[in-house]
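Have the coordinates open as you read.

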Amino acid sequence: MHLLSAGAVAVLLFGIVYQVSSTVTVIGTYGETLELPCNNGSPPPDDVMFIQWKLNPSESGMMIKKLKGKPFEVLAKDGYSSRVSMMDNGSMFLEALTLEDQKVFICMLVNLQGLLEHHVRVVVHKDPTNLELLEQAAELEIGKLAKIGQCNAIDANPAANITWFKNNKTLSADGKGIVIDDSVQVHAVTGLSTTSSTLRYSAGKGDADASFTCGTLDLAGQPRVSLPVTFTITYPTENVSLKVLSEGVLLEGDNVTLRCVADGNPAPTTFNFFIKGEVKNVVDSDSYTMTNINRDATGEYKCSLAEKPSLEASINLTVSYLNVDLSPSEEVVKKAGDTLVVALKVDSSGDHKVSWTKDNGLLKADQVPTFKNLTYSDAGVYEGQVTLGPLRRVVSFQLVVEGAPVITLLAKRLGEDGRHKVLICEAEGYPKPTITWSVNGTWLEETPYINGKVSQKITVVPSTNLTVYCTVSNQFSQQIQSINVSSLFEEVRMDKQDQSDNGDQTKLAIGIVAGLLLVGVIVGLAYWIYMKRSKQGSWKTGELENGSSEEEKKLEEKVEENSQKAEM
């Protein structure tokens, strides 16, 4: 105080220069330490004798000073005495900032030329200690303006600005469906502000799952958002629908559950179900179950709200069924040549498909098999499959065609090596015919018994001519047929003799032809000489000419006859 007076006196008496710099504003965080720069943070001039901080001239009190080359000295006697300190460059540190520190502090630099003052304004900021959404509504009624809740940003400076969000999108007040009321309260002791914002909102059906939040920005510009809240939206029922909970096609014997669905919230719990002309009232449930249904359950069903019967819904149910009857349905035994009538009766709820197989092989036609003249190849297992959507029925019968065996082929041929003969006997009948031979041959093979037919081959080497018998038999009868088999050795001798006889006959034929040709030539020559002489005589008498004419005819006939013999 005395130093300041002496400085002021010196300024007045000796005309020392007095300068004041522009005010600098620094912002600190509530409760933390703030540096107040002197001389705008630049080092003080070398000729500075001392630096001293004081409060705004409107407030009294020196705070701290520092003589050149000396440590700083705290001059404050109030709450600042333990909160201030100074650095060599003249900056003052102010600890534990409060809103009361929002003042103008003055740094004085004193040298021989004068006094330089630097004014520093302190501003203290504080983020809200908490952001909470209180007084939340239990539920919202559709179309009615109601209070969503109150959002509080507590103990902030300056007072926080609150924004409301729905599904992370900003809500702006429109005075109708969105109304926002804000208020600020200042704490009497700390001076910190608490901002309260109330949202009133008119909800719609689409808000059933909507998320509401409130938020503000901190001192760094980063958002702070409350925990999200959702609300139950209530609204009356406007529509109902009737659904079948059972999956897939309905079949006889199934259980079927009908559910009446209403679009109101909360959902109604009392319904009327109309089941085949009867009203079934259901309480505390929206479903009705029918058990062990049959084809008579096909038809229209309805449901309605018990308290508002005019709101109703309907649905048509179809119970699918497929009944199949086959005649015959088991094993049937018939004689070859008989007739068999097969009847398939189908009772179904819709268009069905039929397919037939015989011995697991698909038949070409999808019609019921018909048999007018049974053969052994008709025997087998017949299976009919009838389908209607997912429904499938399979019926079958086994056809047995029986009869006495009949030999259909008895043949022989020379073996490939020429040293044996192969005998073949083929028969048909049911049960399977047994084939036996009247000779002891070498068994070659027997074909599989298919479609009532079987064939057997044996090889023999006959040394003499034989008559071989093939016998086929089953429980009904037997049949025997024979075939002549010549000796293998006799055939070889006859082949050689045939070749020799054929050679002699060829030579004889050539000799006869040559002789006849020679005779023909001689006769022709004689005829020519005779004719020549006859013509010479005819020049003398007419009689001779006529006689010669008759003889000429006889000679021509004889030549022609000889010629025909030569040709034979």
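C260 counts as buried in this predicted model, at 1% relative accessibility. Its disulfide partner is C303, with an S to S distance of 2.0 Å. C303 is buried too, with a relative accessible area of 0%. With 70 degrees about the S-S bond, the link of C260 and C303 is right-handed. C260 belongs to strand 23 (residues 256–262) and C303 to strand 27 (residues 299–305), so the pair ties together parts that are 43 residues apart in sequence.

How many disulfides are there? The count comes to four. When the bonded cysteines of the chain are numbered in sequence order, the pairing reads 1-2, 3-4, 5-6, 7-8. As a reminder, a disulfide is a covalent bond between the sulfur atoms of two cysteines.

Three of these links, including the one just described, can be set side by side:

| Disulfide | S to S distance | Torsion about the S-S bond |
|---|---|---|
| C38 and C107 | 1.9 Å | -80 degrees, left-handed |
| C151 and C214 | 1.9 Å | about 75 degrees, right-handed |
| C260 and C303 | 2.0 Å | 70 degrees, right-handed |

C38 counts as buried at 0% relative accessibility, and C107 is buried with a relative accessible area of 0%.

The disulfide of C151 and C214 has sulfur atoms 1.9 Å apart. This pair links distant parts of the chain, with C151 in strand 13 (residues 145–156) and C214 in strand 18, 63 residues apart. Both C151 and C214 are buried.

Strand 18 is also the place of T216. Is T216 buried or exposed? T216 is buried, because its relative accessible area of 7% is under 20%. A polar atom of the T216 side chain lies 2.9 Å from the backbone oxygen of N161. Leaving aside neighbours within four places in sequence, T216 is in contact with residues including P128, L131, A160 and R224.

Now to the rings. The structure holds six aromatic pairs. One of them, Y201 and F212, is edge-to-face, at 5.3 Å centre to centre and with 70 degrees between the planes. Y201 sits in strand 17 (residues 193–202) and F212 in strand 18 (residues 212–217), so this pair ties together parts that are 11 residues apart in sequence. Y201 is buried, with a relative accessible area of 6%, and F212 is buried, with 1%. The rings of Y382 and F397 have their centres 5.2 Å apart and their planes at 10 degrees, so that pair is stacked. Y201 and F212 also form one aromatic cluster with F231. Elsewhere, R295 lies over the face of Y321, 3.7 Å from the ring centre.

Which residues have the most contacts inside the largest nonpolar core? They are L36, W53, M63, M92 and F105, in a core of 25 residues. Among the elements that give two or more residues to this core are strand 3 (34–36), strand 5 (62–67) and strand 10 (114–125). Apart from this core lies another, of 23 residues, among them A153, I178, L199 and A210.

For contrast, look at K176, in the loop between strand 15 (169–171) and strand 16 (178–186). K176 is exposed, with a relative accessible area of 69%. The C-alpha atoms of K176 and R200 are separated by 9.4 Å, the two residues being 24 apart along the chain.

Note on methods. Residues numbered from 1 in each chain as written. Predicted model: local features only at pLDDT ≥ 70, side-chain atom pairs only at ≥ 80, totals over all residues. Heavy atoms only, no water. Helix = DSSP H or I, 4+ residues; strand = E, 2+ residues; numbered from the N terminus. Buried < 20%, exposed > 50% of the residue type's maximum accessible area, 1.4 Å probe, protein only. Phe/Tyr/Trp six-rings, centres within 6.5 Å; stacked < 30°, edge-to-face > 60°. Lys NZ or Arg CZ within 6 Å of the ring centre and 35° of its normal. Core = buried A, V, L, I, M, F, W, Y, C linked by side-chain atoms within 4.5 Å. Polar contact = N/O pair within 3.5 Å; in protein donor to acceptor, adjacent residues only side chain to side chain. Contact = heavy atoms within 4.5 Å. Disulfide = S-S within 2.5 Å.
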